[in-house]
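Please keep the sequence at hand while following the residues named in the text.

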Amino acid sequence: MAVLNPTIEQVKASIDQALEYANISLRELNHKIWSTPETAYQEHQAHDAICAFLEDRGFTVTRHAYGLATSFEALSGTGGRLVNFNAEYDALPDIGHACGHNLITTSSVAAFLALSSVLKEYDLPGRTQLLGTPAEENGGGKAKLIDAGAYKGVDCSLMAHAGPKELFPGIISDGCAGVLMNARKEIHCEFSGKSAHAGGNPWDGVNALDALVTSYSNVAVLRQQMKPDERVHCAFLDTPKVANVIPACTKAYWQVRSPTLKGLDGLMGKVRRCIEAGALATGCGVEIVEKELYADIKLNDTLCGLYQRYMGMYGRNVLKSHEKVLTGSSDIGNVSYVTPTLHTMFAIPTSAGSFPHHPSFASAAGTDDAHTEALVVGKVLSLTGWDMVSNDELFERATSQWHEALES
């Protein structure tokens, strides 16, 4: 017989028990993803491994969901509100899981298993969704999933990202529930000039490399007037392979970041003019395409407070939020514009100075200690999800705060 109105301590005990049984297999899944890193939209082994893991436990899984080859969706429960957990599993070129996405998968899969279990055990109306979200590093998988309707009907979205204990300079903690991150957008440009022999008749050429280098220099000068949390970075995609030909074509793309969408819009205009000026100064043409918008994150005080409280129940001391903007970006920001969202950072043991996107962080993300922390976080995410399903007052408060954040 189901327990009516279980206490949070009873729910916690049930979650602990459910994940104790699943821990060994979760560690194996974690290690498989970590040891076979795959980049954006190429996460085929991770996709298949996670889907098989869930199917072996009786869940119905939609593979290749919402038109993306490496996305999936698993649903459980009936009636009530719908809590979403996001699993990221893409890696970085050359340095593997240096952003610890194997741990994101571990915590979200654990949370999905645990919340599914307690909703069934206590016979509570409510549903939970585990969504495989590919290409967070480069490709905007969640933005594409939003457009495809993956978050339609979701009442709140929860996930967690690993980081070092010193996430903010001089502050040592077990993580931070609410972390501000930059909005980001890409500018892709192709300069077109005219080829000529660099030694024989260079005056007949129009140098597309000069246009690219000039635009890069223009942005370098612009950095003097950029705000402290704004960032612009460039990758050269197509440049000359020989020195004795005036190049007729070059390609590059830029990532432009600012703490807010409004600030991003203004900075995008400035960078675009820098690129256009490079083309104008050298006589080249330029084609510019803007794409892959990552929105800033709308923090939710209620969700952050619940996460902080429950991490404390497991002996972890986390900040509720911090005013400093982490100048990275994530497509979870886009999700925070369509439903109340928690994107928390949790600490794992790392070497001194290690931070995401460094090879040393990839090593740390594969350890048993990191897995232990991800499992704790999965328990806390499931407790937070339980409150969103079972507690009308907390859910309404979180939803009200989300609406206020959108209007600010």
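The model is predicted. In soluble globular proteins, nonpolar side chains tend to be buried together. Here the largest nonpolar core comprises 67 residues, and Leu54 and Tyr307 have the most contacts inside it. Eleven residues of this core come from helix α10 (residues 368-390), which gives the most to it. Tyr307 is in contact with Ala177, Val318, Leu342, Thr344, Phe346, Val377, Val380, Leu381 and Thr384, when its neighbours within four places in sequence are left aside. Another core, of 23 residues, lies apart from the largest one; Met226, Met268, Ala279 and Cys284 are among its members.

Ser25 belongs to helix α1 (residues 8-35). Is this serine, Ser25, buried or exposed? Its relative accessible area is 16%, and because buried means under 20%, Ser25 counts as buried. Beyond its neighbours within four places in sequence, Ser25 is in contact with Phe53 and Arg57. Phe53 is 28 residues away from Ser25 along the chain, with 8.3 Å between the two C-alpha atoms. With Arg57, the side chain of Ser25 makes a polar contact to the side chain, at 2.9 Å.

Val213 sits in helix α5 (residues 208-222). The relative accessibility of Val213 is 40%, so this residue counts as partly exposed.

How values were computed: Residues are numbered from 1 along each chain as its sequence is written. This is a predicted model: local features need pLDDT of at least 70, side-chain atom pairs count only at pLDDT 80 or more; totals for chains, interfaces and linings use all residues. Side-chain values use heavy atoms; hydrogens and water are left out. Helices (H or I, at least four residues) and strands (E, at least two) are DSSP runs, numbered from the N terminus. Buried means under 20% relative accessible area, exposed over 50%, partly exposed in between (1.4 Å probe, protein chains only). A nonpolar core is a set of buried Ala, Val, Leu, Ile, Met, Phe, Trp, Tyr and Cys residues joined through side-chain atoms within 4.5 Å. Contact means heavy atoms within 4.5 Å. A polar contact is a pair of N or O atoms within 3.5 Å; within protein, one must be able to donate a hydrogen and the other to accept it, and residues adjacent in sequence count only if both atoms are side-chain atoms.
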